[in-house]
Amino acid sequence: MPAGWTPDHVELAAVARKYLASADAGRRQTAALGWYGIGMDEDLGGAGGSFADLAPVLEACGEVRADSDLGWTAGVALAVLTAAESSDAVTCAVERIVRGDAEVALAVDDPLAAADENEVLATGSPEADYLLLPIHSPGGGVSAAFVSREKGLLSSTAMAAFDPTRPLTVHMVDRSAAVPLTGVGLVDIWRRRRAVVIALDAIGTARGALQATVDYARTREQFGTTIGSFQAFQHRCASAYVSFKAAQALAYEAARRPDDECTCFAAAMEATRVATLVCGEAVQLHGGVGFTWEFGIGSALRRARADELMVQGNLTELARIHRGR
C-alpha cells in the first residue's frame with residue numbers, strides 16, 4: 001500500500017479495479033460515480049478533494065488496461081480548463097464534461113511542441129465533442145485552446161492502434177475556430193499533470209503485469225513442480241517488484257505535489273522506464289505463451305511502451321507505430 005493511503009483510498013482502488021475491468025465502464029457511468037470531478041472544487045461542480053485522491057483510480061486504469069478517458073479528462077483537461085479564466089464557453093464545456101454529457105480529447109504531444117498544422121493526434125474516440133490543444137500565443141509563447149465539434153472539428157479518424165487498449169484519433173482542426181484559454185501557467189499545469197497521469201498509468205500497468213506473472217507462477221508446472229518455486233524465477237520477480245515499488249512511491253509523491261515540476265517529470269520518466277522493464281520481464285517469465293497475442297500479457301508491454309514514448313516526446317515514432325509503418 002503506497003505511503004499516505006487511507007482506508008478510503010484502499011476501498012476506492014478496489015472499486016476502481018472492479019468497475020474499470022467491467023463492460024459497464026462508460027463515460028456517463030463514470031461521471032455518475034463522480035470520478036471526473038475528483039480534485040475539482042465543489043463550486044465548479046466537482047467532488048472536492050485533491051489530485052492525490054484521483055491517483056488510486058488512475059493506477060487502476062493502467063492495472064486493468066482500461067480504455068478510459070478518465071486520466072486525460074479528469075487529470076489533465078479539466079485541470080487546465082478550470083485553471084483558465086472563466087467564460088461562458090469554458091463554463092459550459094466543464095459542466096458538460098463533468099456530467100458525462102460531453103467528451104474531451106487531449107492532444108498527446110507535449111504542449112511546448114505546439115504546431116501550426118491542422119492535423120492533431122489526440123486521445124479519445126472520433127466522437128469527442130471538444131479537443132484541447134496547444135496554440136502559439138500572440139506574445140510568442142504557447143498557450144492552450146479548445147475547439148468544439150460544432151465549430152472547429154472538421155473530421156476525426158480513429159487510428160489502428162499500436163496500443164489496442166488506448167486508441168488514438170487524428171483530428172482535422174480549423175485553428176481559426178479555436179477558443180484561446182487565458183490564465184497564468186496553463187501550459188505548465190498541462191505538462192505537469194500530463195506527466196503524473198502517465199506515471200500513474202505506467203505503474204498501474206506494471207502492477208497488473210507483475211500480478212499476472214505471480215499468479216501464473218503459482219499454477220504453471222515444469223519438471224513436476226510450479227515454476228514459482230525456482231529460485232531464478234523468484235529473483236527476477238523480486239527484482240521487478242523492487243523497481244516497481246520505488247517507481248510507485250515517486251509517482252504518488254508527484255500526485256501529492258502536482259505543482260513541483262521536477263518531481264512530476266522525474267516520476268514520469270522513472271515510472272515509464274520501470275513499467276517497460278517490468279512488462280518485458282512479465283512477457284519473458286510467461287515463457288512461450290507470453291509472446292502470443294491471444295494470451296494478452298503483451299498488451300501490457302505495448303501500453304507501457306506507448307507511455308514511455310509520450311514522456312520522451314517521441315510522437316513521430318508513436319504515430320509511426322500506430323499507423324503500422
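The model is predicted, so local features need pLDDT of at least 70 and side-chain atom pairs count only at pLDDT 80 or more, while totals for chains, interfaces and linings use all residues. Residues are numbered from 1 along each chain as its sequence is written, and side-chain values use heavy atoms, with hydrogens and water left out. A search of the whole structure finds 19 salt bridges, and the structure also holds 4 aromatic pairs. The disulfide count is 0.

**Terms for position**

- A residue is called buried under 20% relative accessible area, exposed over 50%, and partly exposed in between (1.4 Å probe, protein chains only).
- Helices (H or I, at least four residues) and strands (E, at least two) are DSSP runs, numbered from the N terminus.

**Salt bridges**

- A salt bridge is a side-chain nitrogen of Lys or Arg within 4 Å of a carboxyl oxygen of Asp or Glu.
- Arginine 166 and aspartate 201 form one of them, with N to O at 3.0 Å. Arginine 166 is in the loop between β5 (153-158) and β6 (168-173), and aspartate 201 is in helix α6 (residues 186-219), so this bridge ties together parts that are 35 residues apart in sequence.
- Arginine 166 and aspartate 201 are both buried. They also belong to a network of salt bridges that links Asp163, Arg166, Asp201, Arg303 and Asp307.
- Arginine 257 and aspartate 260 meet in a salt bridge of 2.4 Å, N to O. Arginine 257 is partly exposed at 37% relative accessible area, and aspartate 260 is partly exposed at 23%.
- Glutamate 308 and arginine 305 are joined by a salt bridge of 2.9 Å, N to O. They are separated by about one helical turn because they stand 3 residues apart in helix α9 (residues 298-312).
- Within this pair, glutamate 308 is buried at 11% relative accessible area, whereas arginine 305 is partly exposed at 31%.

**Aromatic pairs**

- Rings of Phe, Tyr and Trp (its six-membered ring) pair if their centres lie within 6.5 Å; planes under 30 degrees apart count as stacked, over 60 as edge-to-face and the rest as tilted.
- Among the 4 aromatic pairs is that of tyrosine 130 and phenylalanine 146, which is edge-to-face because the ring centres are 5.8 Å apart and the planes are at 70°. Tyrosine 130 lies in strand β3 (residues 130-136) and phenylalanine 146 in strand β4 (residues 142-148), so the pair ties together parts 16 residues apart in sequence. Both residues are buried.
- Tyrosine 241 and phenylalanine 244 have ring centres 6.3 Å apart and planes at 45°, so this pair is tilted. The two residues are 3 apart in helix α7 (residues 231-256), which puts about one helical turn between them.
- Tyrosine 241 is partly exposed, at 42% relative accessibility, but phenylalanine 244 is buried, at 3%.

**A charge over a ring**

- The charged end of arginine 193 sits over the ring of phenylalanine 51, at 4.3 Å from the ring centre. Such a contact requires NZ of Lys or CZ of Arg within 6 Å of the ring centre and within 35 degrees of the ring normal.

**Cysteines**

- A disulfide is a pair of cysteine sulfur atoms within 2.5 Å, and by this rule the count is 0.
- For cysteine 279, the closest cysteine sulfur is that of cysteine 237, 13 Å away, so it is too far for a bond.
- Cysteine 279 is buried, at 0% relative accessibility, whereas cysteine 92 is partly exposed, at 38%.
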